[in-house]
Structures are given as structure tokens and as C-alpha cells.
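Trainee: I would like to go through the labels used for this structure and see what each one rests on.
Mentor: Then ask about them one by one.

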Amino acid sequence: MMEARPAVDDAALGREALAVLEANWTGTGTVPAPGLYPHQWSWDSAFVVIGLARHRPDRARDELLSLLRGQWATGMVPHIVFHTREAYFPGPAVWRSQENDAAPKVLTSGLTAPPLHGLALWWLYRHTGDAAFVRKAYPALVAQHEYLASARDLGGAGLAAIVHPWESGMDDSPAWDQALAALPAIRYGYRNVELEERRPDSDHERYVWLAMRYRDAGYSPGYLRDEHPFAIEDPMFNGIWLASCQAMAELAPLVHADPAPHAEQAERIRQAMIERLWDGCYYARDLRSDQLIKVCTVGSFGPLLDPGLPGDQLNAAVEVLESARFMGATGYPVPSCEIRATQFDRTRYWRGPSWVNTNWLLRRAAIVHSLDRLGQQLTNGTLRLVRQAGFRECFDPFDGSGRGCRDFSWSAALTLDLLA
Ligand code: 9WN
């Protein structure tokens, strides 16, 4: 049921958001939420940078640099950087990053996450004009993009493949169900109480098994290409990468670099998404079965972040988004899975609930395509969620009640941006 919260005006909501981010700052980075997620997560940090760009640019800069301390020599930006000693499963003992020559001193996971950092750096520059900081962070992001283009183009067509559901940032999305079900039927033997409590219904034994396989192969790109059983081209991951490539092209002149390679990369991603992921809607492609995964999720709208998206695809995708399959049927934007899908579940993380970060990304897409009414609807609906239920991790898309943990950093950070 909806929790009663006293009415708050914009100024008070902004102050609350800043207070949450202050409380979640550890001195070296912002944790997504106290207790449940006590380390620094990659795309969470990028959202925090975006939200703090106007209000605390100093903190936004520290946040990004702190995350980049976890970057591997391969260019890979890990999905978790462990700056604190707090227990979390799967923690450093599982990832064993320190045994890999390419890993940095700070302990990290061995997976990556949606590469939103180029867009976050551009956002920070746009609001601060701080070209010196761009010069500082730019090379690391070039390396991140080179890593994706070389080690992750497992389909050979210009898209980056995710090799684990955790890499999508949308762990239990129905888009990964088939690929997980197709894993070899073995006794995985990776039960973990903490993980079971955090995600009671998820396929966590398979998640850990998959991560261990990759770890035991030395996090090797050759293993990913030839053997790893999970490889998926995801439209949200690649839509975000494309947006970051375009951001890097715009930032390049500030560091006296050539924008062309970034623009060309963006073009390659766009073409590959059209050729490989579009079928009336964008779908993820399972590279192991070489099939589209025919469930439409909020991730299907990632390519809308591209201002160069062809008009007919833009119109068709927006029609789906506004239809009774998504926003047209729920009181609040945007359910994480289309509600007519059998896998839709309004109570389970990425299988139904609405999230502030994906709402923000879709609002960004609406802005780049001058879809003012849609943008306004996404802004208002998202602010209504946090006004009513607080900075929760996610929300019931029908009645707006909060789900998951409280004081969630990206919900607070992006609220700051939406209020501006
Ligand atoms: C695994 C931290 C992260 C987010 C993801 C979200 C969730 C972790 C989990 O929390 O993932 O990385 O325990 O399920 O799905 O998007 O980055 O907030």
C-alpha cells in the first residue's frame, strides 16, 4: 500500500535528496544504498555524477575519479569497486581481482556495467564548463570504449555483448530467462544466504556459477568469445554506449583529440542495432542461440537515446512505449517489463516495477527527439513517485508504492536533476 508521506515542496525535496547523497558518501565514493549495497557500483556512480553536476560539481568529480580508480589495464570499468571493508556477496573473495595482472590495486568485481560514463562526463562539462576535468577523465573513457569494441564485440558486428545478467544493470529482467535456462543442467552448488535474501526469486546459483566460470578463465576475452555460455547484445547497454560515444565526440576537441573515431563508433552501433536488434521493437539478441529474445522490456527503449535514430523506428518505439503495453496502462512511468508479458510481475525488481534511472534515460531520449509532452510526462510521473514514496530503489508501476531499499542514491541524484 502507498505510504503516507507529508507533502514536500520542490526545495524541500531537493534538500532531502542532497542529504541522502551526503549520507551515502563514504569519503571515497557514493554507495547505492546503506547496508544493502555498501560499495561503489559503476552505473549508479554515473547517475550520481549526473545528479550532482549542478549542485555539487566537486563531489561529482570525486565520484567519477573514485570509480575510475577501479579501472583495469584492459580498459574495463568494473561493475563494483570495493573501497570499504563491509561484507557483501559476491565480494572480493569471489572475484579475486587481485590475482589478475590487469586489475588495479583497489579490489573490484570482474564484470562491467552499462557504459554511461561518457555521457556523465559530458553532463558535468555542460553544467560546469570544466575542461580541465574533461582532460583528466577523458583518456580512461577512451580506454573503456576500446575495451568494449575489442573484447566485447562477440558478435563481430559492432555491438558490445554482456556476458552476465549483472552487466546489464537489470539483473533479473525476463530478457535473460532463456539464456539462463539453457545453461548446462549441473548442480551449481553456489547457494548463498545473503544473495537469497536480497533476491529471493532469482536464479542466483546460476549467476554465481557464470561469474566463477569467467573468473576461472582468467577473465580472458578468448574464453568469452569461444566458450562462455552467456553472451547477449542488449539494446539498453548498447544504446547507452552509443550515447556515450556521441558525448565523447563532442568532448574530443577539448582535449585536442579527433572526434571522428567516436562518431564512427556511434554510427557502427546504430547500424548494428538496426540490423540485428530491430523487429518492430528493439529486442536483445542471444548470441549463443543466435535468436532475438522476444520480450519487450524497458531496455528495449535504450536505442531511443540516439538522436540519429531513423524516424520510422523512433515513431514505432514511442508508440509501444505510450501504449497499454507500457505507460498507457500504468499510473506511473515506466514498467520495467511490458505488462502483457507472462513474465511481468509488478513486485519483482526488473520484471515489472518502475525505476527512476530508466525513467530518467527515457526522459533524456524524449528530450533529444524534442518529444516535449512525453518528456514532461516522464518528469512529472517520476517526481510524483519520489514525492509520494521517497527515494526508494523502485516502485510499483500501478499504485506508485515504494519497493526495495530506501535512501537509494540514484533515485535521489536524478530527482535533483529532474527538479532543475
Ligand atoms: C548486483 C546497485 C545495483 C544496481 C543494479 C541493480 C542491483 C545488484 C543486485 O543493484 O544489482 O549488481 O544485488 O542485484 O539491479 O542495477 O547497479 O544499486
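**Labels and their grounds**

Mentor: Ser336 counts as buried, with 26 C-beta neighbours inside 10 Å. The model is a predicted one.

Trainee: What makes 26 neighbours enough for Ser336 to count as buried?

Mentor: The cut-off for buried is 20 or more other C-beta atoms within 10 Å. Ser336 has 26, so the residue is buried. Ser336 lies in the loop between helix 14 (311–322) and helix 15 (356–368).

Trainee: Which residues is Ser336 in contact with, leaving aside neighbours within four places in sequence?

Mentor: Met170, Thr297, Val298, Trp350, Arg351, Gly352, Pro353, Ser354, Trp355 and Thr358. Gly75, by contrast, is 261 residues away along the chain, and its C-alpha atom is separated from that of Ser336 by 30 Å.

Trainee: Why is Ala260 called exposed?

Mentor: Exposed applies at 12 or fewer C-beta neighbours. Ala260 has 10 inside 10 Å, so the residue falls in that class. Ala260 is in helix 13 (residues 260–277). Between Ala260 and Gln246 there are 9.9 Å from C-alpha to C-alpha, and the two are 14 residues apart in sequence.

Trainee: Which residues make the contact between helix 3 and helix 6?

Mentor: Helix 3 brings Arg61, Leu64, Leu65 and Leu68, and helix 6 brings Phe133, Ala137 and Ala140. By class, that contact has six nonpolar residues, no polar ones and one charged.

Trainee: Which residues of helix 5 and helix 12 make the contact?

Mentor: From helix 5 come His117, Gly118, Leu119, Leu121, Trp122 and Tyr125; from helix 12 come Ala243, Ser244, Cys245, Ala247, Met248, Glu250 and Leu251. They divide into nine nonpolar, three polar and one charged.

Trainee: Why is helix 16 also called oblique, to helix 17?

Mentor: The axes of helix 16 (residues 372–389) and helix 17 (residues 409–419) cross at roughly 135° and come within 11 Å. Roughly perpendicular ends at 115 degrees and roughly antiparallel starts over 145, so helix 16 is oblique to helix 17. Helix 16 passes helix 17 in a left-handed crossing. Thr379, Thr382, Leu383 and Val386 in helix 16 meet Ser411, Thr415 and Leu418 in helix 17. These residues are three nonpolar, four polar and no charged.

Trainee: Which members of the largest nonpolar core touch the most other members?

Mentor: Val49, Ile50, Ala120, Leu121 and Ala413, out of 124 residues. Helix 12 (residues 235–251) gives this core its largest share, 11 residues. Apart from residues up to four places away in sequence, Leu121 touches Leu64, Val134, Ala137, Leu141, Ala247 and Leu251.

Trainee: What sets the backbone at Tyr219 and Asp407 apart?

Mentor: Most residues other than glycine have a negative phi, and most peptide bonds are trans. Tyr219 has a phi near 50°, a positive value, and is not a glycine. Asp407, also not a glycine, has a positive phi of about 50°. Tyr219 sits in the loop between helix 10 (204–216) and helix 11 (221–226), and Asp407 in the loop between strand 9 (402–403) and helix 17.

Trainee: Are Tyr219 and Asp407 buried or exposed?

Mentor: Tyr219 has 23 other C-beta atoms within 10 Å, so the residue is buried. Asp407 has 22 and is therefore buried too.

Trainee: How do you know that the peptide bond from Phe89 to Pro90 is cis?

Mentor: By its omega, which is near 0°. Pro90 is in the loop between strand 2 (80–82) and helix 4 (92–95).

Terms used:
Residues are numbered from 1 along each chain as its sequence is written. This is a predicted model: local features need pLDDT of at least 70, side-chain atom pairs count only at pLDDT 80 or more; totals for chains, interfaces and linings use all residues. Axes are lines fitted to C-alpha atoms, for helices over the stretch in contact, and angles run from 0 to 180 degrees between N-to-C directions. Helices (H or I, at least four residues) and strands (E, at least two) are DSSP runs, numbered from the N terminus. Angles under 35 degrees count as roughly parallel, over 145 as roughly antiparallel, 65 to 115 as roughly perpendicular and the rest as oblique. A crossing is left-handed if the near helix is turned anticlockwise from the far one by less than a right angle, and right-handed if clockwise. Two residues are in contact if their C-beta atoms, placed from the backbone, lie within 7 Å. Ala, Val, Leu, Ile, Met, Phe, Trp, Tyr, Cys and Pro count as nonpolar, Asp, Glu, Lys and Arg as charged, and the others, Gly among them, as polar. A nonpolar core is a set of buried Ala, Val, Leu, Ile, Met, Phe, Trp, Tyr and Cys residues joined through C-beta atoms within 7 Å.
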